[in-house]
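Hi everyone, thanks for making time today.

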Amino acid sequence: MDITVKDLGDGVAVLHLDGRLNMVTASGLRDQVGTAVAGGRNRIAVDLTKIEFIDSSGLGALINGLKTARQAGGDLRIASPNEQVKLVLQLTNMERLLTAYDDAETAFIDG
Amino acid sequence: MVVLDQTTVTERRDLAKRFLVRLLIVVTVIVGINYIAWRLFFSLNWDAWWIALPLVLAETYSLIDVSLYGLTMWRSRPRDAPAAARPGLTVDVFITTYNEPVELVIRTARAALDIRYPHLTWILDDGKREDMREAAEAAGLGYITRGDDWKNRPLHAKAGNLNNALMATSGEFLLILDADQIPLPEILDNTLGYFDDPLIALVQTPQVFGNVDDNDALGSQAPLFYGPIQQGKDGWNAAFFCGSNAILRREALMQLGIVRYVHEVERAVLKALKGAAGVLREARRTKGAADSTIDAALGKVSTAVAATRVAIAAGEPLGSATYQLQRQITEVSRGLVADDLELMARDIEAIDALRMGTDGDWDAIIDVGQNIDALAARDLSPLGAVTSVQALLRSIDVDRSDEAQPLMPLATISVTEDMATSMRLHGMGWKSAYHHETLAIGLAPEDLGTALKQRLRWAQGTTQVLLRENPLVQRGMSLAQRLMYFSTMWSYLSGFAAIAYFAAPVIFLVFGVLPVNTTAFEFFLRFLPFIIASQVLFVVTGRGIATWRGQQYSLALFPIWIRACTTAFANVYLKRPLDFVVTEKARQSGPNWNLIRPQIIVAVILAIAAVVGIVRLILGIGEPIGTIINVVWVVFDLIILSVLFPAARYAGYQSEESPR
């Protein structure tokens with residue numbers, strides 16, 4: 001899985017993920033969120049458009065990222081999951097926790 | 001003419017045997033109900049209700065116990081060997097340790113390195129020992145210990161140790177080994193095949209001990225459990241995870257962690273919002289009216305809290321709802337001029353004190369109701385009310401900041417995290433398998449004190465699960481699965497029944513009070529079929545395994561079982577630590593009779609009662625048949641208790657090759 005980080009300014013960073021977010025790649029996401037938050041960008045939008053597969057370890061990395069961002073006074077949001085990812089979010093009840101935004105670039109538009 | 005080949009013959013024989021076992025189960029339960037119903041409704045001596053009732057309750061307990069055993073045996077049979085392990089799977093082998101000697105852990109770890117299927121081996125050192133780390137690195141092993149996140153947060157013992165390691169590794173499968181369980185090289189080859197079924201989350205293999213002789217004075221081996229009973233549970237898709245010698249699917253554990261996390265967060269947030277609404281209401285009622293600015297601020301926060309509750313009830317995700325609310329509250333409190341800063345500082349101190357006072361127990365920390373009560377009792381300033389609501393909401397935000405990591409896949413509700421975890425996995429629709437082949441050889445305790453402590457721990461953990469997540473009311477599991485978990489918990493209640501079984505004959509022999517109001521003929525007519533059927537059931541389903549010692553221990557260790565129940569109860573409902581009762585010091589040398597003092601006292605009382613009964617009979621006061629029955633009963637009780645005498649005198653394992 002590839003991760004591209006885009007800085008939108010005002011403490012917002014977009015993480016574009018590409019590939020499979022699973023037990024092997026989860027730690028990569030965790031590290032990237034950590035780096036972003038440490039660099040003062042505590043509002044993280046995770047773009048899932050190009051994620052073709054996610055497992056529970058991948059969800060775990062998102063939750064860990066949420067914790068990191070929240071503890072720094074920010075937030076983590078997810079955007080545009082595909083059908084498989086949506087299904088996983090539903091099955092694990094994660095949709096009770098995280099809103100899936102349409103577009104990562106605008107996920108933090110309301111603050 | 002039909003020619004039967006060999007397999008058909010074996011199959012038919014199996015079917016016939018199965019039919020007989022089931023017939024026996026049905027007969028046992030029927031004659032048991034016949035006996036108990038008669039005891040309850042037609043033969044209870046109400047004049048001596050104080051012993052008659054406890055005794056009939058104990059007997060009802062035993063009937064339920066035998067029935068649950070029967071249900072377990074209904075589908076008990078060995079599984080066929082699984083398919084060969086597919087190549088290319090990734091496996092992490094976890095060796096958990098806390099304070100075991102470094103050499104012992106390394107010995108296990110070296111054996112783990114020799115496991116044939118490709119894997120990574122990790123030592124999970126909860127003791128954070130430098131020499132352990134060095135030894136692990138020297139042997140080329142992975143070494144994992146808790147990080148800074150765990151500081152000042154609940155450690156959750158072994159469950160926490162495993163949860164910590166789960167986050168640091170990435171294998172699809174995990175083999176869990178206790179530090180003293182030496183694996184055989186084929187352990188993964190012979191078990192990974194089960195996971196071809198994508199719903200299998202767990203494969204448990206037996207726990208067998210190498211340092212136990214044939215007499216097994218301490219009753220360490222559990223051949224009935226790691227055999228017919230686990231196979232029986234397996235028949236209902238309810239084989240338990242027993243903490244070691246088991247292979248788990250990471251995806252199942254992680255999914256469990258996610259689902260539990262969302263569940264816990266939702267519960268905590270709803271509770272916090274409800275509590276916050278209460279504090280605000282109270283603050284506005286008592287103080288708000290005095291100052292209109294503050295009243296307005298409190299009003300704004302109240303509205304925001306109420307709106308959040310409505311939004312969450314309407315399905316708004318918790319993440320965004322709590323985020324918005326916190327921003328709103330921050331804004332309101334910023335707008336307030338803190339003219340009573342000093343008062344506010346005091347409030348914050350009080351809140352912090354409350355949070356510190358909860359000693360890191362997750363349940364205690366999220367027990368917002370308690371905190372709210374305490375806050376309301378303290379005379380908070382109105383500004384303080386806003387601040388305290390904010391602090392409360394923050395303390396139970398979606399980041400679960402009271403825990404070292406948000407995901408806790410291994411259940412932390414019990415010291416027997418294994419059973420609690422497999423129950424949750426079953427509740428989510430995962431399957432388990434029990435693989436009946438010795439693939440690891442462990443070390444059993446070598447003195448009675450340690451053995452008893454271990455039994456106490458298991459019983460405490462099991463009771464904790466019963467009290468915190470009663471399997472009978474867990475959704476997601478079939479009725480049979482619920483009963484399989486309940487059955488194990490039920491068996492730990494035997495301590496209370498044992499007291500009635502010891503007391504009843506003593507009371508008759510000494511005072512002549514009979515709890516049963518009947519003739520000997522009527523009694524035996526109903527009692528004998530039940531007791532005989534039960535014993536035959538044990539013998540047949542035990543398939544040649546001696547079940548008697550297990551029956552002895554289940555009654556003879558009654559003080560342990562009772563203590564487990566009371567301490568677990570105090571832990572779950574009164575938040576007292578489990579080891580509140582100080583355990584006896586390990587033995588120095590020679591037999592440690594102290595450990596079994598209650599049983600010795602009971603044995604002496606039983607023996608005296610028998611003598612008194614016989615004297616009463618000779619003097620013509622005692623009733624002959626009753627005396628005979630009760631003396632036989634006393635002898636039976638003494639035989640039960642006698643299992644402890646060699647146990648207390650046990651001097652440890654003497655290996656044949658190297659006598660110590």
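Predicted model: local features only at pLDDT ≥ 70, side-chain atom pairs only at ≥ 80, totals over all residues.

**A walk through chains A and B**

Let me start with a spot in chain B. Thr330(B) sits in helix H9 of chain B, which covers residues 318-335.

Now let's step back and look at chain B as a whole. Chain B has 23 helices and 10 strands. Of its 660 residues, 43% count as buried. If you take the contacts in chain B with a separation of 6 or more, 83% of them come from residues 24 or more positions apart.

So how do the two chains meet? The contact draws on 26 residues of chain B and 24 residues of chain A. On the side of chain B that touches chain A, the elements giving two or more residues are H7 and H9 of chain B. H9 is the helix where we found Thr330(B). Of the elements on that side, H7(B) gives the most, with 11 residues.

H7(B) comes back when we turn to the core. The largest nonpolar core has 182 residues, and those touching the most other members are Val46(A), Phe94(B), Ile95(B), Leu175(B) and Leu248(B). Helix H7 of chain B, residues 250-286, gives the most to this core, with 17 residues.

Setting aside residues up to four places away in sequence, Leu248(B) touches Phe173(B), Leu174(B), Ile176(B), Ala201(B), Leu202(B) and Leu253(B). Apart from this core there is another one, of nine residues, including Tyr69(B), Met73(B), Phe530(B) and Ala533(B).

Next, a strand. Strand E6 of chain B runs over residues 200-204, and five of the five are buried, so E6(B) is largely enclosed by the rest of the structure. Its pairings are worth a look. With strand E9 of chain B, residues 431-434, E6(B) pairs in the parallel sense over four bridges. With strand E8 of chain B, residues 246-249, E6(B) pairs in the antiparallel sense over three bridges. You can follow both pairings from Val203(B): it stands opposite Ala433(B) in E9(B), and its bridge partner in E8(B) is Ile247(B).

Over to chain A. Five strands of chain A form an open sheet in the order E1-E2-E3-E4-E5, with mixed pairing. Strand E1 (2-9) and strand E5 (100-101) stand at the edges with a single partner strand each, so one side of each is left without a neighbour in the sheet. Further in, E3 (residues 43-54) and E4 (residues 75-79) of chain A run parallel and are joined by five bridges. Within that pairing, Asp47(A) stands opposite Ala79(A) in E4(A). Helix H2 of chain A, residues 56-71, packs on the sheet, touching E2, E3 and E4 of chain A, and its direction makes about 145° with that of E4(A).

Finally, two loop residues in chain B. Asn152(B) is not a glycine, yet it has a positive phi of about 60°. Asn152(B) lies in the loop between strand E3 (142-144) and helix H5 (157-168) of chain B, and it is exposed, with 10 other C-beta atoms within 10 Å. Lys575(B), also other than glycine, has a positive phi near 60°. Lys575(B) belongs to the loop between helix H20 (558-574) and helix H21 (597-618) of chain B, and it is partly exposed, with 14 other C-beta atoms within 10 Å.

Conventions
Residues numbered from 1 in each chain as written. Chains lettered and ligands numbered in written order. Pairing = 2+ DSSP bridges. Contact = placed C-beta atoms within 7 Å. Axes fitted to C-alpha atoms, helices over the stretch in contact; angles between N-to-C directions. Core = buried A, V, L, I, M, F, W, Y, C linked by C-beta atoms within 7 Å. Buried ≥ 20, exposed ≤ 12 C-beta atoms within 10 Å, placed from the backbone.
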